[in-house]
Amino acid sequence: MYLGIDLGTSEVKGLVIDENHDIVATHSAPLTIQRPHPHWSEQDPQAWWDATNYVIATLREKCAPHWNAIKAIGLSGQMHGAILLDGDNAVIRPAILWNDTRSAAECVELEESASELHAIAGNLAMPGFTAPKLLWVRKHEPENFQRLQTVLLPKDYLRFKMTGKKIADMSDAAGTLWLDVARRDWSDYLLEKCGLARCNMPSLVEGCDASATLDPHVAESWGLNPSVVVAGGGGDNAVSAIGVGAVAPGDAFISLGTSGVMFVVNEAYRPAPQSAVHAFCHVLPNRWHQMSVMLSAASCLQWFCRLVGITEAELLEEVAQLSDEQRASAPQFLPYLSGERTPHNDPDAKGMFHGMTHSTNRALLGYAVIEGVSFGIADGLRVLQESGTHIEQCSLVGGGARSPYWAQLLADILNMPIVTHKGGETGGALGAARLACLATGQSVETVCKKPEIYKIYQATPARQDILQQRYQAFNALYQNDLRLRNK
């Protein structure tokens with residue numbers, strides 16, 4: 001059997017598959033985000049480890065008596081987070097997360113000081129990336145920067161706790177702005193611009209390769225053999241690609257989780273930083289991928305449901321009952337609750353409802369939320385297409401994949417087929433378990449098959465005109481807000 005561990009922003013999820021690659025058991029543990037100041041987003045790495053141990057203990061019960069048959073573990077994790085360790089390997093401060101936007105000024109400084117940034121890293125400097133976070137720490141917390149010995153990414157902190165080894169994979173490392181993405185190696189030039197060197201970085205492996213074995217004490221605690229291999233793993237979206245079988249050039253998927261991502265596999269390194277498109281390494285060797293990333297996706301729906309006191313399932317049912325006429329006149333929503341990346345690279349962008357009247361109810365506002373998030377995904381598709389990338393259809397994964405209504409709305413707005421798969425919401429954890437299989441020598445062709453299709457949603461031609469009009473109004477709303485903020 002094989003174990004996948006997915007360290008997300010809102011939960012740690014574990015998933016076990018058997019020798020036939022069928023899912024045997026899953027379990028998850030919730031996580032919370034701390035926001036002590038505007039633009040800040042932090043978590044305690046110890047909370048990740050505690051949640052992981054809880055998930056492992058529960059899966060052990062679910063899988064008994066076959067638990068000790070696990071041969072390998074794969075890792076998936078939220079990207080870009082900065083975990084700072086001192087010389088004694090103690091955590092110096094809370095982890096600064098991917099959706100933390102405090103380092104906007106440091107992004108400007110990095111762009112100015114590192115003229116080769118785009119050529120080497122293939123990406124714009126954005127507050128979500130790891131390098132600007134370290135520049136912020138150096139400027140605002142010099143005592144913490146002086147103590148710094150090692151920088152780890154979130155899932156690699158779990159690996160360190162599991163194995164005692166400081167190791168990162170290419171896909172996750174590509175999101176730091178310290179990796180030479182074409183060469184798949186740390187860039188001494190970019191590290192030096194942040195006051196760092198290779199000695200502060202973990203060693204690098206491919207995501208599908210073995211990275212280390214379990215620490216004997218951890219293995220004993222978990223009831224596993226210390227020979228259990230830990231795969232290199234990867235950033236959550238690249239690992240989700242393995243889970244949904246997106247391994248060939250042109251394969252694409254949309255992930256509707258805390259963030260919203262459109263992901264497409266490339267046969268070569270194809271940066272497009274001018275459009276705020278991300279170009280990263282895949283978890284498989286000699287493969288890369290492009291992504292458009294919006295910072296708030298399904299989290300917008302969660303936020304609204306908390307606000308009005310309703311479950312997501314109940315709200316989506318109410319939304320589905322709306323008529324076409326009601327949807328056509330619904331308010332509009334800008335989904336920028338945490339700023340935005342693609343295509344705006346605007347950490348100061350704000351969320352907004354526009355066009356409410358006395359007749360506006362929560363169903364109409366709920367529709368506005370999922371439509372606004374879907375328009376954000378459409379922005380990403382547009383800039384990917386402008387960079388020369390062609391996408392014929394997209395799989396849908398993440399929590400949002402559970403909603404047939406949302407899947408159909410995406411098909412209508414993007415004007416392309418949207419494919420859902422059985423177990424599609426388990427993409428990251430399933431992908432991590434599949435990486436565990438690859439790390440034991442199994443082939444990509446055997447392991448990385450596309451999951452069984454659940455349904456294909458085709459675009460509805462009759463809805464195209466009104467959705468296009470609303471999409472244009474959505475973009476105009478952001479541009480008007482941007483002009484007001486820049487006055």
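1. β18 and β19 form a hairpin with six residues between them, and Asn286, which sits in the turn, has a positive phi of about 60°. This is a predicted model, in which local features need pLDDT of at least 70 and side-chain atom pairs count only at pLDDT 80 or more, while totals for chains, interfaces and linings use all residues. Residues are numbered from 1 along each chain as its sequence is written, and side-chain values use heavy atoms, with hydrogens and water left out.

2. The pairing of β18 with β19 (residues 288-294) is antiparallel and runs over four bridges, where strands pair if DSSP finds at least two bridges between them. Within this pairing, Phe280 has His289 of β19 as its bridge partner. Strands here are DSSP runs of E of at least two residues, and helices are runs of H or I of at least four, numbered from the N terminus.

3. Ala268 belongs to the loop between β17 (260-266) and β18 (278-281). Its C-alpha atom is separated by 6.2 Å from that of Arg287, 19 residues apart along the chain.

4. The axes of helix α11 (residues 298-308) and helix α14 (residues 362-386) come within 9 Å and cross at roughly 165°, the axes being lines fitted to C-alpha atoms over the stretch in contact, with angles from 0 to 180 degrees between N-to-C directions. α11 and α14 are therefore roughly antiparallel, a term used for angles over 145 degrees.

5. The contact (heavy atoms within 4.5 Å) involves Cys300, Leu301, Phe304 and Val308 of α11, together with residues of α14 including Arg362, Leu365 and Gly366.

Terms used: Angles under 35 degrees count as roughly parallel, over 145 as roughly antiparallel, 65 to 115 as roughly perpendicular and the rest as oblique.
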